[in-house]
Amino acid sequence: MKRQIGVLTLLAMMGAKLVLGGAVPGQDAPAFQAVDIEGKGLALSDFKGKYVVLEWYNPGCPFVRKWYQNGDMQKLQRELTSQGVVWITINSSAPGKQGHLTPPQWKELVVKNNSAATHYVADEKGDIGRAYGAQTTPHMFVIGPDGKLLYAGAIDSKPSTDPGDIMGATNYVRRALEEAKAGKPVSVPQTKPYGCSVKY
Amino acid sequence: MWTRYSCCSLWLVVAMATVVGAAEIALPVAEPIVEGVSSVSEFAPGQPFYAGVRWRLPEGWHLYWQNPGDSGMAPQIEWIVPSNVQVGAVLWPAPSRFKEGEYATFGYTGTVMLVAPIAVGDAWPSDRELELKIATRWLLCADTCVPGSTQLTVTLRCAPQPSPSTNAPAIYAILRRLPRSWPRIAASAKLSSTTAWIRVTGLSGLRPGYLYPREEGLWPAGYDLTWNGVGEEWHTVVPLGLRRPWPERIQAVLELPEQGAAVMIDIITIRDIFPNRKESSP
């Protein structure tokens, strides 16, 4: 009994510190407002009624390059946005940190990469990244039409920098969207993301 | 006849692909010196030795531990050896923790050696050289990350008695410092729905330091754990990571900062921390 009280006290004492930040599948996705690289204001609430994909991005990260160098990410962006999904690519690198892009630099990169996201958001203060608990690039989040988070984690099941691994991997983003659209619960709502650290 | 051994899943060695997208953002130069190493220059059949890979890392860059932490990737080593040669598990030195804001990774800086025990069968012909082929790939990170891969070959002559190589002192220095189990230490984890309460006894008066779980996803690497207690009993609470279900037994490396050393501990899971809670809850 004494031991159990000790444990309870300890847990209560430490409780506040044990609450980790980050978006939790099944709960409301953290609201945010931003201005994209075209200067257009947007808010997550603008997309109520639509599926939204958030992609954390850093142009110098080899895990991100794995997805862009052969056009795989761009293909996925086109496939999903053509179905009405809103795809927001977010860069949380702080100014002066690795991977930071000014809007003109990023616009040039979008053209060069033939990217097909709906919006590109420079999250220089890292507020959106911290609200979601974005810890790697890439780190993917899928939000349902009701604003609830459906999926958080890795883009696929093969953590590597090798583009050759993309073909045989399970794409968790596509699967979460397919399951949700079919009215099924998302079978894998959260995975450990893989990639480079986010340069807040 | 060759046998493949891998420290992780089997994989194919691929040449680093040419970067075509985002071509104007050059990858930084991070070229470690990577060599195959062996504790012997001549081996004797039936007498095990150690072989593996040595990375000399550029300053400011780190290589990852078997659990890389919140980001990064563990180095992978695949062995291709003749069928009458046995390769044991890679022996991972105790890692360091690299904190980056709220997150952290586990790994190594400087010169890193990952070796494994090698056993050659007694029937090895005395005039035959032994060729150990090692394919490895890794990720180096500083403020950005650069992947690398190579194939190495360690060729050793057969002799009636083994001869130590020039790398033997460095290899044995690493082996002496590997985190080992102490029979007196006992550790358990009691789980609640969101946390694990970890209790360690038998540290002989030493203060525990950071606790590195060998598997990923048990608790967030970025979480700064705090130990409470004195003398023979220490406890800490960690938030549960994504790993479900929590394993019955986990292995972790416990730093002992006062000793400048680390021990390997087995943490036994004790479930149902509040077994009566469900019944008593409304």
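This section describes the nonpolar cores and the disulfides of a predicted model.

In soluble globular proteins, nonpolar side chains tend to be buried together. In the present model, the largest nonpolar core comprises 70 residues. The residues with the most contacts inside this core are B:Phe49, B:Trp55, B:Leu132, B:Leu211, B:Trp219 and B:Ile265. When neighbours within four places in sequence are set aside, B:Leu211 is in contact with B:Trp219 and B:Ile265, and also with B:Ile198, B:Leu225, B:Trp227, B:Ala252, B:Val253, B:Leu254 and B:Ile267. Another core, of 40 residues, lies apart from the largest one, and its members include A:Tyr120, A:Val173, A:Val186 and A:Tyr194.

Two disulfides were identified over all chains. One of them is formed by A:Cys61 and A:Cys196, whose sulfur atoms are 2.1 Å apart.

In chain B, a disulfide joins B:Cys141 to B:Cys145, with an S to S distance of 2.1 Å. Because the torsion about the S-S bond of B:Cys141 and B:Cys145 is about 110 degrees, this disulfide is right-handed. B:Cys141 and B:Cys145 are both buried. A further cysteine, B:Cys158, has a relative accessibility of 16%; since buried means under 20% relative accessible area, B:Cys158 counts as buried.

How values were computed. Residues numbered from 1 in each chain as written. Chains lettered and ligands numbered in written order. Predicted model: local features only at pLDDT ≥ 70, side-chain atom pairs only at ≥ 80, totals over all residues. Heavy atoms only, no water. Core = buried A, V, L, I, M, F, W, Y, C linked by side-chain atoms within 4.5 Å. Buried < 20%, exposed > 50% of the residue type's maximum accessible area, 1.4 Å probe, protein only. Contact = heavy atoms within 4.5 Å. Disulfide = S-S within 2.5 Å.
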